[in-house]
Amino acid sequence: MKTYFQTNNLAECCGCSACATVCPKNCIEFKINAEGFKYPVKDMDKCIDCGLCEKVCSFSDEYTCNNTQHPKAYAAYDSQNRVGSSSGGLFYTLAKHIIEDKHGWVYGASFEDKLQLKHIGVNTIKDLQKLRGSKYLQSDIGDTFRRIKQHISNGEYVLFVGTPCLVAGLKAYLKYKQSEYLLCADLICHGVPSQYVFDEHVKYLENKHQATLTSYQFRNNARWGVCEIVDFANPKIHKVLPSYDLSLYLYSFMRSYTYRESCYHCKFTKLQRQGDLTLADWWGVRLFFPLMDYRKGVSLLLVNNATGAKAWEQIKDRCVFEESNIDDASKYNWNLNHVSKRPVERDTIYQRIREEGYEKTMKDINPNSHSTLRTWIIRIRELEIVDDIIYYMRRLMVKMK
Ligand SMILES: Cc1cc2nc3c(=O)[nH]c(=O)nc-3n(C[C@H](O)[C@H](O)[C@H](O)COP(=O)(O)OP(=O)(O)OC[C@H]3O[C@@H](n4cnc5c(N)ncnc54)[C@H](O)[C@@H]3O)c2cc1C
Ligand code: SF4
Ligand code: SF4
Ligand code: SF4
């Protein structure tokens, strides 16, 4: 068995922290590299060579997963709670169920002090708001796995949501024992940039608007497609972009320029999922379900095992949904069963940001930052009225058939 600890190959560690959590001597620390990603380092003076850290690593060959390779697929949304989420709001529906009906805990990614992304646990609907929405950077998992183990042994219900590698890390740490108290949902995942590159983007925005950034949302469902919803104070400013192509950060994110090295070698971008359920966007929903109101987002939900099926039974009455199949679901969702390709830009981007500065580097690689005409074409293409006209024309055509 070879792991990151022998190879030092950055592509073989996703930073899930299972190794540090399992270590009986607490002798693994995380160090941040020049790109802003955390990697484990052993203190060899304290290490007793027990091998647990390697055994638990989900990037090793010993990692196993028993979920089906043919999950059931649904297109679904929660019509009451979709606004405030990223796609159809199914995360919120599940989380409310765990907190209100099971009096349990929900763990997910939250922007904490100075917009540092961390996994936290909440058990109230008020705090749950912090976990809503996709945050397109790596979340620091901290001592989440240890805390979840404690909750389960106390007989408290837990919903854990994260990228597939985090779910795999948690399951390996818990020795793959299926607990009636634990429900895990993974996300379909392109990959994650580092906190460092996001911090640089925040600095760029504050400098551009000469104001302090107080809140940042990557997207929300006020309207499908809207992104980078940002609030500033002193002076008070509110900014929204109509397309990812117009954000320096999201342009590079969508083109895979800034991901952790493990994301280009991800073991988990396949139909056999890590979570009991998988939450994602239903890309192409307008072609498969033209009568569904997709304009505020529709989720793709995959049911991967019996635990997931039981949870879906308990919440499905709160959702509008259509049953589908995995072939249609994967047609426009590349990362469901393909790993993101590593572009040549990835070789130099972090070094360029350090040496030439964030703004210059990101503007150099984004053609939209050089042409006002391109920017206006993108803005017109994304106008809400254009989307509405297409939506009603599709409905009319389906009804006339
Ligand atoms: C980095 C990343 C890449 C993604 N790539 C794809 C993709 O290629 N295709 C696709 O269909 N969907 C992708 N998604 C999932 C998608 O953006 C939505 O999160 C998903 O559809 C759930 O939406 P929702 O409306 O049910 O819930 P939301 O309210 O949006 O809840 C999202 C949940 O994800 C958790 N979360 C948010 N950010 C992170 C993070 N950085 N790390 C771990 N957990 C996080 C939150 O805590 C919350 O539990 C990605 C999400 C992330 C975070
Ligand atoms: S357990 Fe997780 S953090 Fe530790 S080496 Fe393996 S992938 Fe990296
Ligand atoms: S071999 Fe054992 S003691 Fe040493 S770092 Fe790994 S888990 Fe800790
Ligand atoms: S692409 Fe794979 S390794 Fe990267 S964050 Fe997503 S699940 Fe983890």
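This is a predicted model: local features need pLDDT of at least 70, side-chain atom pairs count only at pLDDT 80 or more; totals for chains, interfaces and linings use all residues.

User: How do you know that the overall size agrees with a compact globule?

Analyst: Set the value against the rule. A compact globule of 401 residues would have a radius of gyration near 21 Å, and the chain has 21 Å, so the two agree. The C-alpha atoms fill a box of roughly 65 × 55 × 40 Å along the principal axes.

User: What makes a residue of this chain count as buried, and how many do?

Analyst: A buried residue has 20 or more other C-beta atoms within 10 Å of its own. Of the 401 residues, 41% count as buried. As for contacts with a separation of 6 or more, 70% come from residues 24 or more positions apart.

User: What does the secondary structure come to?

Analyst: The chain has 16 helices and 13 strands.

User: Why are β5 and β13 called edge strands?

Analyst: Start with the sheet. Its 8 strands form an open sheet in the order β5-β4-β6-β7-β11-β12-β3-β13, with mixed pairing. The strands β5 (116–122) and β13 (320–324) each pair on one side only, and are the edge strands. Neighbouring strands of this sheet are turned by 25° against each other on average, direction ignored.

User: How do you know that β3 and β13 pair?

Analyst: Pairing takes at least two bridges. Strand β3 (residues 72–77) and β13 have 5 bridges, in the antiparallel sense. The two strands therefore count as a pair. Within this pair, Ala75 stands opposite Glu322 of β13.

User: Which helices lie on this sheet?

Analyst: Helix α6 (residues 144–153) lies across β4 (105–112), β5, β6 (158–162) and β7 (182–187), and runs at about 155° to β6. Helix α7 (residues 164–173) packs on the sheet too, touching β6 and β7, and its direction makes about 150° with that of β7.

User: What makes β8 and β10 edge strands?

Analyst: The sheet of 3 strands is open, antiparallel and ordered β8-β9-β10. Both β8 (212–219) and β10 (237–241) have a single partner strand, so one side of each lacks a neighbour in the sheet. The twist averages 10° from one strand to the next. Between β8 and β9 (residues 227–233) there are 6 bridges, and Ser215 stands opposite Asp231 in β9. Helix α8 (residues 195–209) packs on this sheet, touching β8, β9 and β10.

User: How do you know that β1 and β2 pair?

Analyst: The cut-off is again at least two bridges. Strand β1 (residues 28–32) and strand β2 (residues 38–42) run antiparallel and are joined by 5 bridges. They therefore qualify. Their hairpin has 5 residues between the strands, and Gly36 takes a positive phi near 95°.

User: How do α13 and α14 pack?

Analyst: Helix α13 (residues 345–356) and helix α14 (residues 358–365) pack at about 145°, with axes 7 Å apart. The contact residues divide into 4 nonpolar, 1 polar and 4 charged.

Conventions. Residues are numbered from 1 along each chain as its sequence is written. Chains are lettered from A and ligands numbered from 1 in the order in which they are written. Helices (H or I, at least four residues) and strands (E, at least two) are DSSP runs, numbered from the N terminus. Axes are lines fitted to C-alpha atoms, for helices over the stretch in contact, and angles run from 0 to 180 degrees between N-to-C directions. Two residues are in contact if their C-beta atoms, placed from the backbone, lie within 7 Å. The radius of gyration is taken over C-alpha atoms; the globule rule is 2.2 Å times the number of residues to the power 0.38. A residue is buried if 20 or more other C-beta atoms lie within 10 Å of its own, exposed if 12 or fewer, and partly exposed in between; C-beta atoms are placed from the backbone. Ala, Val, Leu, Ile, Met, Phe, Trp, Tyr, Cys and Pro count as nonpolar, Asp, Glu, Lys and Arg as charged, and the others, Gly among them, as polar.
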